[in-house]
Amino acid sequence: MTVRVAAVGAGSWMTRFHAPAILACPGAQLVIVCDPDHAAADALAQSAGARAVPDLEALIADGDFDCAIVCSPHATHRPIAEALLRAGKHVFVEKPLATTSDDAFALVRLASELGLHLSVGYTSQHSPSAATVRDWVRTQLGTLLQVSIEFSSRAGALFAAAQDDPSATYSARNGGGQGHTQLSHAIAMLAWVTGEEAESVTAFTDGRGLDVDVVDAAAFRLTGGALGVAASTGTLAPRLAITQRLRYVGQRGIVDQDILFGTAQLQRVDGSSLAAPRDHLRPPYPAEAPTTAFLDLVLGRGPNLGPPEPAAAAVAFIEAMHESAASGARRDVRRLPEIRA
């Protein structure tokens, strides 16, 4: 069996990671590239032996493909993914799934109703330690009491570059900002690991003179009762270390997870500890793995390692965080009926 793949978007992440993963995957073939930037679409198509089309309408009209990898500006994810799903195609969407809970939830429901695969491109849950962390949190900690998140990066430079160009990928109009672009990684991981959503959020954000959030701080309560805090900034100078960490505190122990380096440690109340096993032949941040896993899913060779429900929960969290920061009041987080993967 060969699965025919469409690439929607021919930007840097598609050309650096998604397309090489498609080309390296046994049983997969990149057959069509869609991007309004005709030069970019033609260049990727020629390098992959595919054909290029100028827009979504032409892609849907062509129809000679089985699934699509969507790597386009955040705010375009719902209309593109929805059109592809309604055309009967399996869809992989780069993170975030959408920029509003309405859009995210609609995509989850539509894929379920149509019986089609929908995956989201969060990378960290594909690291060797991620499944171990999920098992530890669900079986070793007892009642989860507290979660703390620290996510610092240099993404503010992307937002600054997009400030005066509304069409830019990371502009306010296209859903840029630290929450959607960066913090959502950790929130989606939290939902995937715990099987819980945030119930309510109180937050502050700071744009540092830009039209999008660059620094975020949020306190939240999970549906299971645990309290949490999340701090994220895109302001790091070049020589300062990037941090992407979660800590889960339970009645019977603590799990520390580093999603940048793919490491984790369990500390038990009896004084014993465990480190998650590491596969030194695999990169700690496997950027091509989400694409490969999605293709294996479509080919019937594996499970959905990028399920849309935790990603939708992250969208709802970021939405409520922005609403709370704007209003100065606590906000309830819209909830899916079930997110456990």
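**Exercise 1. Helix H9**

Task: In this predicted model, determine how many of the 10 residues of helix H9 (residues 289-298) are buried, and state what the buried residues pack against.

Solution. 
Step 1. A residue is buried if its relative accessible area is under 20%.
Step 2. The residues of H9 that are buried are Ala 289, Pro 290, Thr 291, Ala 293, Phe 294, Leu 295, Leu 297 and Val 298.
Step 3. That makes 8 of the 10 residues, so H9 is largely enclosed by the rest of the structure.
Step 4. Just after H9, Gly 300 has a positive phi of about 80°.

**Exercise 2. Strand S4 and its partners**

Task: Find which way the residues of S4 point and in which sense S4 pairs with S1 and with S5.

Solution. 
Step 1. Cys 67 and Ile 69 point one way from S4, while Ala 68 and Val 70 point the other way. All of them are buried.
Step 2. S1 pairs with S4 in the parallel sense over 4 bridges. Val 5 has Cys 67 of S4 as its bridge partner.
Step 3. S4 and S5 also run parallel, joined by 4 bridges. Here Ala 68 stands opposite Val 91 in S5.

**Exercise 3. The open sheet**

Task: Give the strand order of the open sheet of 9 strands, name its edge strands, and locate the helices H6 and H10 relative to its strands.

Solution. 
Step 1. The order is S14-S13-S12-S11-S7-S10-S9-S8-S15, with mixed pairing.
Step 2. The edges are strand S14 (273-275) and strand S15 (331-332), each of which pairs on one side only.
Step 3. Helix H6 (residues 130-139) packs on the sheet and touches strand S11 (243-250), strand S12 (253-258), strand S13 (263-268) and S14. The direction of H6 makes about 160° with that of S12.
Step 4. At S15, the pairing with strand S8 (residues 198-206) is antiparallel over 2 bridges. Val 201 has Arg 331 of S15 as its bridge partner.
Step 5. Helix H10 (residues 308-327) lies across S8, strand S9 (215-222) and S15, at about 55° to S8.

**Exercise 4. The nonpolar cores**

Task: Identify which members of the largest nonpolar core touch the most other members, and list what Val 201 touches.

Solution. 
Step 1. The largest nonpolar core has 71 residues, and those touching the most other members are Leu 59, Leu 84, Leu 97, Ile 149, Val 201, Tyr 248 and Phe 317.
Step 2. H10 gives the largest share of this core, 9 residues.
Step 3. Leaving out residues up to four places away in sequence, Val 201 touches Ala 218, Ala 219, Phe 220, Phe 317, Ala 320, Met 321, Ser 324, Ala 329, Arg 330, Arg 331 and Val 333.
Step 4. Another core, of 25 residues, lies apart from the largest one. Among its members are Val 3, Ala 10, Leu 30 and Val 298.

**Exercise 5. Two packed helices**

Task: Classify the arrangement of helix H4 (residues 77-86) and helix H5 (residues 101-114) from the angle between their axes.

Solution. 
Step 1. The axes of H4 and H5 come within 10 Å and cross at roughly 10°.
Step 2. Angles under 35 degrees count as roughly parallel. H4 and H5 are therefore roughly parallel to each other.
Step 3. From H4, the contact is made by His 77, Arg 78, Ala 81, Glu 82, Leu 85 and Arg 86. From H5, Asp 102, Asp 103, Ala 106, Leu 107, Leu 110, Ala 111 and Leu 114 take part.

**Exercise 6. Thr 181, Ala 325 and Arg 208**

Task: Decide whether Thr 181, Ala 325 and Arg 208 are buried, partly exposed or exposed.

Solution. 
Step 1. The cut-offs are under 20% for buried and over 50% for exposed, with partly exposed in between.
Step 2. Thr 181 is in helix H8 (residues 178-194). Its relative accessible area is 2%, so Thr 181 is buried. A polar atom of the Thr 181 side chain lies 2.9 Å from the backbone oxygen of Gly 177.
Step 3. Ala 325 is in helix H10. Its relative accessible area is 26%, so Ala 325 is partly exposed.
Step 4. Arg 208 is in the loop between S8 and S9. Its relative accessible area is 59%, so Arg 208 is exposed. Although not a glycine, Arg 208 has a positive phi of about 50°.

Technical notes. Residues numbered from 1 in each chain as written. Predicted model: local features only at pLDDT ≥ 70, side-chain atom pairs only at ≥ 80, totals over all residues. Heavy atoms only, no water. Pairing = 2+ DSSP bridges. Contact = heavy atoms within 4.5 Å. Axes fitted to C-alpha atoms, helices over the stretch in contact; angles between N-to-C directions. Core = buried A, V, L, I, M, F, W, Y, C linked by side-chain atoms within 4.5 Å. Buried < 20%, exposed > 50% of the residue type's maximum accessible area, 1.4 Å probe, protein only. Polar contact = N/O pair within 3.5 Å; in protein donor to acceptor, adjacent residues only side chain to side chain. Parallel < 35°, antiparallel > 145°, perpendicular 65-115°, else oblique.
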